[in-house]
Amino acid sequence: MDMSQPAFQSLVADPKRRLLLFFFLMFSMFMATLDNQIVSTALPTIVGEFGQLERFGWIGSSYLLASSAVMPVYGKLGDLFGRKYVMIAAITLFTIGSLICGLAWSMESLIAARVFQGLGGGGILVSIFSVNADLFEPRERAKYQSYTSLVIMASGSVGPLLGGTMSDLFGWRSIFLINLPIGIVVLTGLVILLPYKRPERQPKIDYLGAVLLAAAISCFVLFADSGELFGSIISVESAIVVALCAVCIALWVAVEKRAAEPIVPLRLFKDSTFTLSLIISATSGSVAIGMVNYFALFLQTTTGLSPTVAGSFFIAVTVGLVIGSISAGRLIAMTGRYKPFLVLGLSLNCVSLGIFSQLHAGTSLYVILLVMLFQGLAVGFGQQAPVIAVQNSVPRGDIGTATGTVTLMRMGGAAIAISIYGAIIAAGLRGAQVAIPGVSDIHSLTPKLMAALPEASRLAVAEIYAGAFTNMFLTASGIAALGLIAAIAMKNIRLPFRG
């Protein structure tokens, strides 16, 4: 932590204008994060129209992969050129991508459109965190970051309900097209309220480093999904992907050592707080963002709930998030300590996901509701701490880069986890070779088709899915345990006051 930095000066001096700008920032964040969650309860319907259940996870992971790959680039661009126009460009890309998604004609075109949409979504998230660092001093930032984290996870909770309802009433395409008017409103607000502040540094963009980093992340996600892509995680094709990933990482390190303005300065890794925060952020994204689509699938396949009713269960997650996130934010602001909340949040995640692994098709809906409340509380406690940690540990000139990197790890962890979870469930379904009356292909069942099955057949399908989910939830609990080890190893640093 650099205590010699000059006294903090907010980008917006007027408190009322600052709060109004913060509202528009939260609105844009809600739009970007809602998009990946609103899809979750509509996915079975999309699969019912396009088929190809084996590509279920890619509708979500393609968006997360694209957004993850560009996050460090947006962070660096914001540091070099200023946040305003970088953020406006990101929102514009996201809005155009939403339109293309709404017009998709096949599973392949939808996945490609999600990639385009993610190129803007990643920039929105990074720019918001970076602008917050320009608006609020460190301890005050902790309080406002709690609202930021609340918006992220509230979108994950409200999204499934909204997605299910809109899918039932207006068709699944409406969940993308609704972003068009929202994007226009957000763009108008930011153009008017967000000041432009050109940094003093001369722009020198590390294009090669950006390409190599994006390629390495893409290879990692492809390897995680190699079971579906190549038939086995142990194959010649997946070995080639691993080798290519290793080459990209090695070349990226070599390029970053020589670049005048590296995408991610290697000197940041000398601080253990930065490095451990990346690990924590990746595991947190895996068990928070990465789990949302599969919670929705779990509810619809093992309980027979409609998309709308299944989505309503995510209200319990929202309640837990409100309690956990706001409580943690205010306590961090008061005490200046963020490590205890990382440890607490990840500990609770290990427990809640372990409980999920023991649920079966006949489990009471009230029990499921209670566990989802517990999961929301767990995520809420540790949500904002990694970003606060890195923003406090790096020089002010690297805040955008550091924020982009830690957010990249969160979204990248989610993208990789989605692929892993999907592979586990697919393997579980393939291993259940049971003839079920009225079911020719269990992979092609939509919620409506399941509801039309005889009760005995529906229960048989539910039991098969519940068995497939057991290993997935155990894997997620193990990932949370890795994050917990990193959180325990982190220094217990106290945030300073800066006037």
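**Helix packing and aromatic pairs**

In the predicted model, helix α4 passes helix α5 in a left-handed crossing, a term used where the near helix is turned anticlockwise from the far one by less than a right angle, the clockwise case being right-handed. Residues are numbered from 1 along each chain as its sequence is written, and side-chain values use heavy atoms, with hydrogens and water left out. Because the model is predicted, local features need pLDDT of at least 70 and side-chain atom pairs count only at pLDDT 80 or more, whereas totals for chains, interfaces and linings use all residues.

Two packed helices are described by the angle between their axes and the distance between the axes. Helix α4 covers residues 83-102 and helix α5 residues 107-135; their axes lie 8 Å apart, at an angle of about 155°. Helices here are DSSP runs (H or I, at least four residues), numbered from the N terminus. The axes are lines fitted to C-alpha atoms over the stretch in contact, with angles from 0 to 180 degrees between N-to-C directions. The helices α4 and α5 are therefore roughly antiparallel to each other, the term for angles over 145 degrees. The residues of the contact of α4 with α5 comprise 16 nonpolar, eight polar and three charged. In this division, Ala, Val, Leu, Ile, Met, Phe, Trp, Tyr, Cys and Pro count as nonpolar, Asp, Glu, Lys and Arg as charged, and the others, Gly among them, as polar.

A left-handed crossing also describes how α12 passes α18. Helix α12 (residues 272-287) and helix α18 (residues 385-393) have axes that come within 9 Å and cross at roughly 160°; α12 and α18 are therefore roughly antiparallel to each other. Their contact (heavy atoms within 4.5 Å) involves T273, F274, S277, I280 and S281 of α12, together with P386, A389, V390 and S393 of α18. Five of the residues in the contact of α12 with α18 are nonpolar, four are polar and none is charged.

Rings of Phe, Tyr and Trp (its six-membered ring) pair if their centres lie within 6.5 Å; planes under 30 degrees apart count as stacked, over 60 as edge-to-face and the rest as tilted. By this rule there are ten aromatic pairs. Among them, F23 and F24 are edge-to-face, at 5.7 Å centre to centre and 80° between the planes. The pair of F295 and F356 is tilted, with 4.8 Å centre to centre and 35° between the planes. F295 lies in helix α13 (residues 289-302) and F356 in helix α16 (residues 339-356), so this pair ties together parts that are 61 residues apart in sequence. F295 is buried, with a relative accessible area of 5%, and F356 is buried, at 1%; buried means under 20% relative accessible area (1.4 Å probe, protein chains only). One aromatic cluster is formed by F295, F298, F356, F469 and F473.

Terms used. Helices (H or I, at least four residues) and strands (E, at least two) are DSSP runs, numbered from the N terminus. Buried means under 20% relative accessible area, exposed over 50%, partly exposed in between (1.4 Å probe, protein chains only). Angles under 35 degrees count as roughly parallel, over 145 as roughly antiparallel, 65 to 115 as roughly perpendicular and the rest as oblique.
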